[in-house]
Amino acid sequence: MIISVASGKGGTGKTTVAVNLALSIREKVQFLDCDVEEPNAHIFLKPAIEEKRQVFIPVPEIDELKCTYCGKCREVCAYGAVAVIKSVDSGKGSVLVFPNLCHGCGSCSYFCPQQAIKEVNKEVGEIEAGYVQPAFPNADVRFVHGRLNIGEAMAPPVIREVKKYVVRDRITIIDAPPGTSCPVITSIKDSDFCLLVTEPTPFGLNDLLLAVEVVRKLSLPFGVVINRSDLGDDKTETYCQKEDIPVIMRIPFQKEIAVAYSHGKTIIEAVPSYQVKFQELYRGIAEGNFS
Amino acid sequence: MKICITSEGQDLDSQVDPRFGRCQYFIIVDTDSLEFEAVPNSNMEAMGGAGVQSGQLVAQKQVKAILTGNVGPNAFQTLQAAGIDIITGAAGSIREAVEKYKKGELKSTQGPNVNSKFGMR
């Protein structure tokens with residue numbers, strides 16, 4: 001089973017919910033932090049990293065001896081990552097590759113009539129994996145996260161590598177990035193259930209509406225977790241009721257939780273009674289009560 | 001001599017568009033006769049790579065120089081490869097910019113003067 005934790009708005013508590021869920025349920029868990037632009041679940045789970053590897057995307061390299069500057073590569077590139085300049089007089093032109101615009105789709109090399117393009121690997125990020133036992137001896141949580149290199153623009157290739165760690169004999173919990181664009185879609189698609197974490201503020205609700213559109217488009221069963229549920233207004237509750245969206249959990253504001261968070265500690269370490277609540281949350285999803 | 005100016009409109013009295021890759025029109029003008037052609041920029045709404053695409057469009061027109069407000073790194077590299085003089089900081093009407101260029105008051109730039117995505121708005 002794959003449960004993804006997403007939100008529209010950032011900072012609503014995705015990682016908090018994902019981490020506490022992973023540590024509370026008495027199951028083997030595969031925890032995937034897919035927020036590769038700013039992964040932070042490791043701060044709370046403190047995994048012992050055992051495996052580390054780089055992530056590459058294939059980018060074109062042009063053999064200027066074979067190239068006739070026909071412009072086919074430029075024509076098929078959907079991202080403007082290749083420029084072909086035909087020279088005016090001598091016939092010798094130039095081809096420019098912009099690796100930062102390249103999505104690594106391979107069209108240019110596939111369609112090149114001269115076979116003048118080969119793909120070379122460009123490192124865009126890294127994957128780290130390990131177990132959380134040292135910090136949480138009672139939890140069987142395998143941890144994987146991706147980290148996009150600084151200056152790189154495209155998160156999905158790294159997220160796809162993280163998602164290759166989905167295994168069937170563990171409950172997979174995916175901590176998704178905020179927003180509603182490609183990185184989010186890449187992270188949450190193929191999930192069995194998506195938890196949308198929000199806060200009862202105008203910003204939280206605005207972005208929740210966008211996130212709901214996304215999960216509905218992807219036909220994912222989903223439910224809402226309202227964090228800091230006693231602050232803000234009641235518009236989020238009203239909206240969920242009207243749209244028939246299950247509010248699966250409410251986490252009222254509690255100073256102990258905020259203090260623990262600021263020290264890199266989980267809710268269940270600060271307020272142990274929450275473990276039961278997260279177990280109930282999981283049971284409800286697993287039994288299909290909200291699908 | 002043919003030069004290209006990024007423009008907000010389709011004639012010589014239009015204002016220079018300060019963006020290169022996402023300008024509204026490219027005006028290709030003969031500096032002696034002032035005969036011109038206004039080319040709508042199909043890359044205005046491109047998701048990405050607008051500078052590169054616009055650079056190639058201008059290169060195909062075989063102009064000596066490009067006059068614009070700002071140019072980013074990808075566009076700069078493309079225009080440079082095509083051997084086009086790149087002049088940034090142009091403003092006012094297209095006609096005025098051409099006059100200034102003819103008088104030699106505009107100098108080519110040696111590097112990009114804004115970052116990628118500058119023209120996104």
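How many nonpolar, polar and charged residues are in the lining of the largest pocket?

1. The model under review is predicted. By class, the lining of its largest pocket holds 20 nonpolar, 14 polar and five charged residues. The volume of this pocket is about 940 Å³.

2. The lining of the largest pocket comprises 39 residues. Those nearest its centre are A:Leu101, B:Met47, B:Gly48, B:Gly49 and B:Lys117. Four helices each contribute at least two residues to the lining: α5 (156-163) and α6 (182-188) of chain A, and α1 (50-60) and α2 (73-81) of chain B.

3. The two chain B helices named in point 2 also pack against each other. The angle between α1(B) and α2(B) is about 25°, and their axes are 8 Å apart. Angles under 35 degrees count as roughly parallel, and α1(B) and α2(B) are therefore roughly parallel to each other. The crossing of α1(B) with α2(B) is right-handed.

4. On the α1(B) side, this contact involves B:Gly51, B:Val52, B:Gly55, B:Gln56 and B:Val58. Sorted by class, the contact has four nonpolar, five polar and no charged residues.

5. Four cavities of 30 Å³ or more are found when the whole structure is searched. The largest cavity contains about 120 Å³ of space, and 16 residues line it. Nearest the centre of the largest cavity lie A:Cys77, A:Cys102, A:Cys105, A:Gly106 and A:Cys108. In chain A, β3 (48-62), α3 (72-76) and α4 (107-111) are the elements that give two or more residues to this lining. The lining of the largest cavity divides into 11 nonpolar, four polar and one charged residues.

6. The second largest cavity holds about 100 Å³ of space. It is lined by 15 residues, and A:Cys67, A:Cys70, A:Cys73, A:Cys112 and A:Ile117 are the closest to its centre. Its lining has 11 nonpolar, three polar and one charged residues.

7. Which way do the helices of chain A lie against one another? Helix α7 (residues 202-217) and helix α8 (residues 235-243) of chain A pack at an angle of about 25°, with their axes 10 Å apart. This angle makes α7(A) roughly parallel to α8(A), and their crossing is right-handed.

8. In the contact between these two helices, α7(A) presents A:Leu205, A:Leu208, A:Leu209, A:Val212 and A:Arg216. These meet A:Lys235, A:Thr236, A:Tyr239, A:Cys240 and A:Glu243 of α8(A). The contact of α7(A) with α8(A) consists of six nonpolar, one polar and three charged residues.

9. A further chain A pair is formed by helix α1 (residues 14-24) and helix α11 (residues 274-286), which pack at an angle of about 90° with their axes 9 Å apart. Since angles of 65 to 115 degrees count as roughly perpendicular, α1(A) and α11(A) are therefore roughly perpendicular to each other.

10. From α1(A), the residues A:Val17, A:Asn20, A:Leu21, A:Leu23 and A:Ser24 take part in this contact. Their partners in α11(A) are A:Gln275, A:Phe278, A:Gln279, A:Leu281 and A:Tyr282. The contact of α1(A) with α11(A) has six nonpolar, four polar and no charged residues.

Note on methods. Residues numbered from 1 in each chain as written. Chains lettered and ligands numbered in written order. Predicted model: local features only at pLDDT ≥ 70, side-chain atom pairs only at ≥ 80, totals over all residues. Heavy atoms only, no water. 1 Å grid on protein atoms, 1.4 Å probe; cavity = no way out; pocket = protein on both sides within 12 Å on 5 of 7 lines; lining within 4 Å. Points joined across faces, edges and corners; volume = space filled by probe spheres on them. Nonpolar A, V, L, I, M, F, W, Y, C, P; charged D, E, K, R; others polar. Axes fitted to C-alpha atoms, helices over the stretch in contact; angles between N-to-C directions. Parallel < 35°, antiparallel > 145°, perpendicular 65-115°, else oblique. Left-handed = near helix turned anticlockwise from the far one by under 90°. Contact = heavy atoms within 4.5 Å.
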